[in-house]
Amino acid sequence: MQKLAVGGIVAFALVLAGIGLYLSFEHVASFAHKELRFGSLEKGQLFAVGVDVGIMVMIAVDLLMAWLKRPITWIRYPVWLLTSATVVLNAASAAPKDRAWTLVDYVAAFAHGVVPILFIMIVEVGRDAIDRIVRPDREGRDAIPLIRWVLAPVATPRIYRRMRLWGVASYPEMVRREQDLLAYEQWLKRKYKGDLSKATDDERLPMKMAPYGYTVSEALAMPDQQEAEAEEREEEAERRRLEATTRKELAEKRAEAERLEADGQLESVRARVDSEKGLARAHATAQISAAEKAAELEQQALDTAVVAEARAREAEAEHTEARERRAAAAADLEKAGLERQAAEQRKAAAEADAVAAAEAGAIETERIAQARKATAAADLDTAKLERAAAQKRKEAAEDDRIATAEAQAIETQAIAEARKATAETDRAAAEIEAAAAETRRAAAESARLEAEEQRQAEVVLADAARAREEAAEADRAAAETRRAAAEIERAAAEAEFAAKLKPRERAVRKVARMILTAGGDADQLPLADIQRELEVTSPGTASEYRKEAAGLLASGYRP
C-alpha cells in the first residue's frame with residue numbers, strides 16, 4: 001500500500017507538472033513574444049521551453065542527490081528563482097491593458113501562478129520525504145506554529161532568526177530559552193528595583209549574549225569559564241616553559257656527555273696513534289739493526305777474507321822460509337863438499353909430502369912451499385866458502401824473523417779487527433735490545449693510558465647516565481608535583497564553580513592555595529607572583545589579596 005501510495009503521488013505530481021508546463025508554456029511564450037520583444041512566436045516558445053526545462057532538470061538533480069544521500073542545498077534557490085520568474089511572467093500575461101486593475105485582475109494574476117507554486121511545494125515535500133527516508137538519523141527541525149506568527153508578529157521573526165542562525169532545531173527549547181531570559185530579566189529588575197544600569201557587566205551578560213544563541217546559564221558561566229580557560233592557558237604556557245627548560249638542560253647534559261665521550265675517544269685515538277708510532281719506530285730500528293747486522297756480517301766475511309789472505313801470505317812466507325832453508329841446506333851441503341874437497345886436498349898434500357919425503361930432498365923446499373901455498377889457497381877458499389855460507393844463513397835467519405814478524409803482525413791486526421767487530425756487534429745487539437725494550441715499554445704505557453682513558457670515558461658515561469637519570473627523576477617529580485597541584489587546582493575550581501563564588505573570592509582562594517604551596521607563610525609569597533598569577537598591576541591590590549588569603553587560611557580553609 002505504501003508503494004501504491006508513493007506511485008500515485010508521483011503520478012499526480014507529474015500530471016500537475018504537465019498541466020503547469022502546458023499552461024505556463026502558452027502564457028509565457030505569448031508574453032515573451034508580445035511584451036518582451038522576442039522577434040517571433042517561435043523564439044518566445046523556445047524561451048518558455050528553456051525556462052521550464054531548466055526548472056525540471058534542476059529539480060531532478062536535487063531529488064537525485066537527496067536520494068543518493070548527497071543533497072545539494074544551494075540548488076533549491078535557483079529553482080525557486082526560476083519558478084518565481086515563471087509565476088511573475090504568468091501573472092504579467094494576465095495583466096489588463098489600457099485600464100486600471102480590478103479585483104478580478106488580481107484574482108486572474110494569482111490564478112496564473114497557482115499551478116507553478118503548487119508544483120514547487122510538491123517538489124519540496126518530495127525532497128524532504130526522500131531525505132527523511134535515506135537519512136533517518138537526520139536531526140529534524142521544528143517549525144514555528146502559524147498561530148504564533150499571527151499572535152506575535154514582532155517577536156516571532158526574532159525567534160525564527162535565532163533558531164536558524166544558531167542551529168536550534170527544537171521550537172520548545174527556543175521557547176524555554178526565551179522564558180528563562182524573561183524570568184532572569186525580571187529577577188534582575190527586582191534585585192535592583194527596576195534600574196538595570198546598576199547591574200554588573202557579568203549580570204547583564206544573558207541579555208547581551210541572547211541574540212548570539214547563549215542561554216542564561218551559559219552566559220552567566222562565561223566569566224568563570226573564560227577565567228578557567230585563561231588559567232589553563234597559563235598553566236599550559238608554564239608547562240611548555242618548564243618542558244622547554246627541561247629539554248634545554250637535558251640537551252646541555254647530553255652535549256656535555258657527548259663532548260666528554262668525544263674527548264675520551266680522542267685521547268684513546270691519540271694513545272693508539274702514539275703506540276703505532278712507537279711500534280713503527282721499533283720496526284724501523286729493528287730494520288736498521290738488521291741492516292747493520294747484515295753489514296757487520298759482510299764486514300766479518302770481509303775480515304774472514306783478509307784473515308784467509310793473511311794466512312795465505314803466512315803460508316807463502318813459510319813456503320819461502322822452507323825454500324830458504326832448503327837453500328841453506330844446499331849451502332851447507334856445498335860447504336861440506338868444499339870441506340871434503342879441502343880434506344881431499346889436505347890428503348893429497350899429505351901424500352905429496354910423503355912423496356916429497358921419498359923423493360929427492362933437493363926439491364923438498366920448493367915442493368913444501370908449493371904445497372903450503374896450495375894449502376893456504378885451499379884454506380882461503382874454504383874460509384870464503386864458510387863466510388858465504390854464514391852470510392846466507394844470516395840472511396835466511398833475517399828472512400825468517402821478518403816473515404815471522406809479518407805473520408805475527410797480520411795475525412794481531414786480524415784478531416784486533418775481529419775483536420772490534422765483535423764489540424760492535426755486541427753494542428749493536430745491546431742497542432737493538434734497548435730499543436725493543438723501549439718499544440715494549442712505550443706499548444705498555446700506551447696500553448695503560450688507553451685503559452685509563454677508557455676507564456675515564458666509562459666513568460664519564462656513567463656520570464652522564466646518572467645525570468640523565470637524575471634529570472629524568474627530577475622531571476618526573478616536577479611533573480608529579482605539577483599534576484598534584486593541577487589536580488588540587490581543578491578540584492578547587494570545581495568546588496568554587498559549584499559554590500558560585502564571585503571572581504574576587506575565587507582569586508583570594510587561589511592566593512591561599514599559592515601560600516600553602518609556598519610553605520604556609522603568607523609573608524614568604526612574593527607580591528610579584530600574585531600579580532603574575534592574577535594579572536593585576538597594582539602591588540596594593542596583590543597585598544590585599546594576600547592579606548585576605550591569610551585570613552581565609554587562619555579561618556581553617558584548606559583546598
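## What buried means here

A residue is called buried when its relative accessible area is under 20%, and because Arg 513 stands at 6% relative accessibility, Arg 513 counts as buried. The model described here is a predicted one, and the values that follow are computed from it.

Arg 513 belongs to helix H11. If residues up to four places away in sequence are set aside, Arg 513 touches Ile 488, Glu 489, Ala 492 and Glu 496, together with Tyr 557 and Pro 559.

## Overall make-up

The protein has 13 helices and zero strands, so that a reading along the sequence gives the pattern α-α-α-α-α-α-α-α-α-α-α-α-α. Of the 559 residues in the protein, 25% are buried.

## Helix H3 and its two partners

Helix H2, residues 41-67, has an axis that comes within 9 Å of the axis of H3, and the two cross at roughly 150°. Because angles over 145 degrees count as roughly antiparallel, H2 and H3 are therefore roughly antiparallel to each other; their crossing is left-handed. On the H2 side the meeting residues are Phe 47, Val 51, Asp 52, Ile 55, Met 58, Ile 59 and Asp 62, and on the H3 side they are Arg 76, Pro 78, Val 79, Leu 82, Thr 83, Thr 86 and Leu 89. By class, the contact of H2 with H3 holds nine nonpolar, two polar and three charged residues.

Helix H1, residues 2-34, also packs with helix H3, residues 76-93, at an angle of about 70° and with the axes 9 Å apart. H1 and H3 are therefore roughly perpendicular to each other, and H1 passes H3 in a left-handed crossing. H1 makes this contact through Leu 23, Ser 24, His 27, Val 28 and Phe 31, while H3 contributes Thr 86, Leu 89, Asn 90, Ala 92 and Ser 93. The contact of H1 with H3 has five nonpolar, five polar and no charged residues.

In soluble globular proteins, nonpolar side chains tend to be buried together. In this model the largest nonpolar core has 17 residues, of which Val 511, Ile 515, Ile 530, Leu 534 and Tyr 545 touch the most other members. The elements giving two or more residues to this core are helix H11 (503-517), helix H12 (527-534) and helix H13 (539-554), and H11 gives the most, with six residues.

Leu 534, when its neighbours within four places in sequence are left aside, is in contact with Ala 507, Lys 510, Val 511 and Tyr 545. Another core, of eight residues, lies apart from the largest one, and among its residues are Ile 59, Phe 119, Ile 120 and Val 123.

Leu 188 is found in helix H7, which covers residues 171-191, and with a relative accessible area of 0% Leu 188 is buried. Not counting residues up to four places away in sequence, Leu 188 touches Leu 196, Ala 199, Glu 203 and Met 207. Leu 188 and Arg 204 are 16 residues apart in sequence, and their C-alpha atoms are 8.7 Å apart in space.

Technical notes:
Residues numbered from 1 in each chain as written. Predicted model: local features only at pLDDT ≥ 70, side-chain atom pairs only at ≥ 80, totals over all residues. Heavy atoms only, no water. Axes fitted to C-alpha atoms, helices over the stretch in contact; angles between N-to-C directions. Helix = DSSP H or I, 4+ residues; strand = E, 2+ residues; numbered from the N terminus. Parallel < 35°, antiparallel > 145°, perpendicular 65-115°, else oblique. Left-handed = near helix turned anticlockwise from the far one by under 90°. Contact = heavy atoms within 4.5 Å. Nonpolar A, V, L, I, M, F, W, Y, C, P; charged D, E, K, R; others polar. Core = buried A, V, L, I, M, F, W, Y, C linked by side-chain atoms within 4.5 Å. Buried < 20%, exposed > 50% of the residue type's maximum accessible area, 1.4 Å probe, protein only.
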